[in-house]
Amino acid sequence: MNDKKKFYITTPIYYPSASPHIGHLYTTVACDAIARFKRMQGCDVMFLTGTDEHGQKIEQKAKEANVTPKQYVDEIAEKFRRLWKYVNVDYDRFIRTTDDYHEESVKKIYKTLLDKGYLYKSEYKGKYCTPCESFWTESQLDSEGKCPECHRDVKEATEEAYFFKLSAFSERLEKLLTETDYVQPEWRAKELVNNFIKPGLEDVCVSRTSFSWGVRLPFDEKHIAYVWIDALSNYITALGYENGKYDDFKDFWPADVHMVAKDIMRFHALIWPAMLMALDLPLPKKLSVHGYINFNGIKMSKSIGNVVDPFVLGERYGVDAIRYHILREMPFGSDSDYSNEIMINRINSDLANDLGNLVSRTVAMAVKYFDGTLPSEREEGEFDADLKAMAESLAPAVEKYIDETKLSPALTEIMTVVSRANKYIDETAPWILAKDPAKTARLASVLYNLLDTIRICSALLLPFMPSMMPKALEQIGAGENDVKYENLSKFGVLSENVTVKKGDVLFPRLDVETEIEYLNSVIAPKKDGYKEDEDLDKANVISIDRFAEVKLRTAEVKACEKVAKSKKLLKLQLDDGRSGRQIVSGIAQWYKPEELVGKKIVFVANLAPAKLCGEVSEGMVLSCDCGDDVRLLTVDNEVPNGSTVR
């Protein structure tokens, strides 16, 4: 009997109407990192992903490609499998809604809902596009009130359909969202209550008759199962619910984590739990909702042409660097911006300068001073206790964030210890100790402390970067027992006579301008995918609560200089009415340093610090596009430094 703790985590199943891109990566790579961490802890993990393959659009796309719908989805599903393999996603099960066992379960689920009185036949009313054979709601139409697909006229139409009595669960769903932590982050739950439950939940159309590519209802074969019950059921059918394919339901349900993007949050937070309530099944423990990855501030979209090919990025920078970047940059629950500059600077600052440099310097010193094998003699000294304490407390802190699906803070905790270890090198100055034979024991202690800190950090990074961290651990001489989870909260686990092994540079430093020029040449947003900037504004609206999260303040530029090794960056020293701060900005093309001194500017005060070409930037100055020019946003000299901009 397997007595390991069970852990079940799922991504949504992806709709295969387009090739996968980096926008698809976050959810799946995030789930993979969590699954790997849980396996490292000794859990029996079930990690599910897959593809949602039914519906009218698939039928249309297949017809346009002159293939059968099954041939069409077979090809797209294989693209997703190849992508997950390429980015080292180690899923346990891949479900397709065209799998026979899933279709068997879906038919039984519909029949159960009908027998329990939660389905009824009525008419689906909406805007109908004859060429596309598609119904649309008012909100789905384009800006001219036409079909969002072909942009032709639509007409009022009705279609016979079965409806699921979602409205019957309003009270229970409101309690779920307000009295439990089912939806995370919490503000997303409040959004759902205010936007959907308070105005009155409407019943949901769950069958269609205007297309044929889907599961036929067992009690009315004219009807095809519509996406909500068909697709959402995958989380339990993949475990063997109402089918003979698998027998894992009793072990793994309820799911520990469903992770989804915000655009499908309401289906997973309202329809899915209502379905489970209707079926008398336990609810998932957590729905973790994340935002979009935006490309230079615009949601990634194939129609706009700003999708980023992960195969191109992985081939040039390594898959682990891409995994690290997207997980490190995505704040829990909110959108994150992808830009070429952000990615290159993140790789350079965290991976090349901090982590890679720490490993290579430490190993090189162990080889240079002790031929690669440390002696047994030790001498403790100043700074040791602080480094050890930080290293020993790291695993519990990371575990807490992983359990909260907060991966960016988890990585921040690890990199904080990496930075502390680099500082420890400067504090202890091993190159000076090496000159004094009487300091050999102290030198050995310093290098051992560094190696054991690297052991802990690299092992905790294994779920995030499964390709490169084994190489780091090999270089520092760490064995299989050294990286067991129970040993990651202990210091002094490495053999006292540990032998290191020089290896390749883990993360080579990138030339920022060269890489940005290359990426801009292969990832160029189309200009014809949208009409006007106003359309983009409407498509990317945020609530006043979201806007309030951004803290804008005024400051005076006290000093400014160019950043070495960069033609684009200026380093500004600001009087922000507090303790002062430094901001690095890419405005050297438009301003000379001396032109900025004395200006009163507006800056983002609560932006996470970042390193740009080795310089720390503690915020972002605001500027405006003026044709081909860029101008800083300035304020009157009478405005006090540090004033809040409302």
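This is a predicted model: local features need pLDDT of at least 70, side-chain atom pairs count only at pLDDT 80 or more; totals for chains, interfaces and linings use all residues.
Residues are numbered from 1 along each chain as its sequence is written. Local features need pLDDT of at least 70, side-chain atom pairs count only at pLDDT 80 or more, totals for chains, interfaces and linings use all residues, and side-chain values use heavy atoms, with hydrogens and water left out.

Start with empty space. Rolling a probe the size of a water molecule over the atoms shows where empty space is left. The search runs on a 1 Å grid over the protein atoms alone. A cavity is a set of points where a 1.4 Å probe fits but cannot get out. A pocket is an open set with protein on both sides within 12 Å along at least five of seven lines. Lining residues have an atom within 4 Å of a point. Grid points are joined across faces, edges and corners, and a volume is the space filled by probe spheres set on the points.

The second largest pocket holds about 330 Å³. It has 14 lining residues, and Arg328, Arg346, Asp350, Ser419 and Pro609 are the closest to its centre. Two or more lining residues come from each of α13 (340-370), α16 (407-428) and β21 (610-612). Helices (H or I, at least four residues) and strands (E, at least two) are DSSP runs, numbered from the N terminus. The lining splits into 5 nonpolar, 4 polar and 5 charged residues. Here Ala, Val, Leu, Ile, Met, Phe, Trp, Tyr, Cys and Pro count as nonpolar, Asp, Glu, Lys and Arg as charged, and the others, Gly among them, as polar.

The largest cavity has a volume of about 50 Å³. Its lining is Ile293, His325, Ile326, Glu329, Ser336, Asp337 and Tyr338. The elements α12 (319-329) and β16 (336-338) each give two or more of these residues. By class, the lining has 3 nonpolar, 2 polar and 2 charged residues.

Now look at α16 again, where asparagine 422 sits. Asparagine 422 is buried at 10% relative accessible area. Buried means under 20%, exposed over 50%, and partly exposed in between (1.4 Å probe, protein chains only). Not counting residues up to four places away in sequence, asparagine 422 touches Asn353, Asp354, Leu358 and Arg361. Contact means heavy atoms within 4.5 Å.

Ser170, Leu173, Leu176 and Leu177 are buried. Seen down the axis, these buried residues fall within an arc of 125°, so they line one face of α5. The arc is that of the directions from the helix axis to the C-beta atoms. An α-helix has 3.6 residues a turn, so residues three or four places apart point the same way. Exposed Glu171 and Glu179 lie on the face turned away from the buried side. The buried residues pack against β7 (183-184), α6 (186-197) and α10 (265-278).

Finish with the backbone. Most residues other than glycine have a negative phi, and most peptide bonds are trans. The bond from glutamine 184 to proline 185 is cis, with omega near 0°. Proline 185 lies in the loop between β7 and α6. Tryptophan 253 and proline 254 are also joined by a cis peptide bond, with omega about 10°. Asparagine 88 has a positive phi of about 60°. Phenylalanine 383 has a positive phi of about 80°, and lies in the loop between α13 and α14 (384-392).
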